[in-house]
Amino acid sequence: MARTQKKSETPQYNAPDFLAWHVIDKGEKSYWNKVGAAWRHKDDKGYTLQLETVPINGRIVLRQPLEGPDHQNEKENGRA
């Protein structure tokens, strides 16, 4: 039998609740590299963490994403 349920034509994007950053401290400077994201579970009792890479040193920091294109441009230019 064929399935009668149709898939949505446009996939729905669920923005992450947090971005995961790998932070390395070198002297007085800290270097931040985005390594993944986290999404809240529907029951609000946990998160799913998806990492694109797994660092072997430093620390992973979860931060809420900045809102809007103005903040993205500031971050890319090193002003955030």
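**Entry 1: Gly46**

I started with Gly46 and asked what it touches in this predicted model. Skipping its neighbours within four places in sequence, I found Gly46 in contact with Trp39, Arg40 and His41. Next I looked up where Gly46 sits, and that turned out to be the loop between E2 and E3. Buried or exposed? I noted Gly46 as buried, because its relative accessibility is 18% and the cut-off for buried is under 20%.

**Entry 2: the hairpin**

Then I followed the chain on both sides of that loop. E2 covers residues 29-40, and E3 covers residues 47-51. I see the two making a hairpin with six residues between them. In the turn I spotted Asp44, which has a positive phi of about 60°. How many bridges pair E2 with E3? I wrote down five, in the antiparallel sense. I also jotted down some bridge partners: Arg40 goes with Tyr47 in E3, and Trp39 goes with Thr48 in E3.

A reminder to myself: strands of a sheet pair through backbone hydrogen bonds, either parallel or antiparallel.

**Entry 3: the whole sheet**

Zooming out, I got an open sheet of four strands in the order E3-E2-E1-E4, with antiparallel pairing. E3 and E4 (59-63) each have a single partner strand, so one side of each is left without a neighbour in the sheet. From one strand to the next, the twist averages 35°.

**Entry 4: Leu49**

Last, I checked Leu49, which is found in E3. I put Leu49 down as partly exposed because its relative accessibility is 44%.

Definitions and conventions:
Residues are numbered from 1 along each chain as its sequence is written. This is a predicted model: local features need pLDDT of at least 70, side-chain atom pairs count only at pLDDT 80 or more; totals for chains, interfaces and linings use all residues. Side-chain values use heavy atoms; hydrogens and water are left out. Buried means under 20% relative accessible area, exposed over 50%, partly exposed in between (1.4 Å probe, protein chains only). Two strands pair if DSSP finds at least two bridges between them. Contact means heavy atoms within 4.5 Å. Axes are lines fitted to C-alpha atoms, for helices over the stretch in contact, and angles run from 0 to 180 degrees between N-to-C directions.
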